[in-house]
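Subject: Structure for you to look at

Dear colleague,

I am handing over the structure below, and I would ask you to keep it open while you read my notes on it.

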Amino acid sequence: MKSVASAPGKVILFGEHFVVHGVKAILCTIDKRITATSQLLDERKIRIKSRLGNAELNLDMSSNLDSISPKFMRPFLHIAKETLREFNENRGVEIILESDIPAGIGLGSSSAACVATTASVAGLFGRKSKEDILKRAIESERIIFEDVSGADSSVSVFGGLITYSKDGIEKIDSKNDLSLIIANSNQIHSTREVVLKVKEFKNKNEKLFAEMCEQENAIIKNVLSAIKEDNLTSLGFLMSKNQEMLEKINVSTDRLDLLIREASKTSYGAKITGAGGGGCIISLVDESNAATTLENLRKISDCFISKIDFEGLSYSQ
Ligand code: MEV
């Protein structure tokens, strides 16, 4: 029997970085997914083939996480080992990962991979609850980066628009079919390094950072009202305000600034999404300005238009 599960990537609409320090963030899933297919093996091996990052492992059950290279495969080994142990399974497992989420550019591919893998392996033994899958997905992500907030995995499991804070997630009850243009700076970034840089900024500027968290809280409050009213002009304006905050904590780059300036000429608003230091920007559009914005951005970057995915984690057999 094969067990197939898929999970969507995400964008952070508002509140990245500040979420690590206790502020609410607003996220949504995008219509690009990672699919994990698992199958039990008679031999006591763990085989993982990932088209995301193009890597392959064929390991003994006793393999130690710290010895695994490339490093990004470690969470998948952890998920496989822990799930087999939980269900007292002596056989091995093969996991195949396929992805249409571009990797390493802040669109949540690592989190979606952890969610899809957890759900797919657990699916071999009858499904677990979404909450249990989320718990294991976050625990496995933290093998790579212990400060990760859990926001990306949470939205990938539940889908749609959510708020996320350390106290948990809340679904935003809206079927607003926001259209976003996602443009890639093609600058490689490490979420871990950028988050650590912001931590340093916070430590050096404690009072200022506390004030900025308050300002970010106010932006988030206004965003929730604008979503309720389906007010794109206001949402776009708040995106630009949020971008100013991200610039103040030094996570923007000249290239990201250029993309944002270009997108802002025709869209409702634009900002970095995710860690910054490279990665992507998002730009809010509707049918009145999508084509022009896309055409302008295409002259200077790789970009595509995305809708919100309202499904989240899903299974197929
Ligand atoms: C990364 O996608 C978002 C950050 O806020 C880090 C996190 O929430 O774990 C920068």
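The ligand lies between domain 1 (2-176) and domain 2 (179-307), because both of these domains give residues to the shell around it; the domain bounds come from an automatic or database domain assignment. Please bear in mind that this is a predicted model, in which local features need pLDDT of at least 70 and side-chain atom pairs count only at pLDDT 80 or more, while totals for chains, interfaces and linings use all residues. Residues are numbered from 1 along each chain as its sequence is written, and side-chain values use heavy atoms, with hydrogens and water left out.

The ligand and its shell

There are 13 residues around the ligand, and of these Lys10, Ile12, His17, Ser149 and Asp152 come nearest, where a residue counts as near if one of its heavy atoms lies within 4 Å of the molecule. The shell is made up of six nonpolar, four polar and three charged residues, with Ala, Val, Leu, Ile, Met, Phe, Trp, Tyr, Cys and Pro counted as nonpolar, Asp, Glu, Lys and Arg as charged, and the others, Gly among them, as polar. Strand E1 (2-14) and helix H5 (191-204) each supply at least two residues of this shell; helices (H or I, at least four residues) and strands (E, at least two) are DSSP runs, numbered from the N terminus.

An oxygen atom of the ligand is 2.7 Å from an N or O atom in the side chain of Ser149, and an oxygen atom of the ligand lies 3.2 Å from an N or O atom in the side chain of Asp152. In the case of His17, a backbone N or O atom is 3.0 Å from an oxygen atom of the ligand.

The backbone

Ser69 and Pro70 are joined by a cis peptide bond, with omega about 0°, and Pro70 has its place in the loop between strand E4 (55-60) and helix H1 (74-86).

With kind regards

Conventions. Polar contact = N/O pair within 3.5 Å; in protein donor to acceptor, adjacent residues only side chain to side chain.
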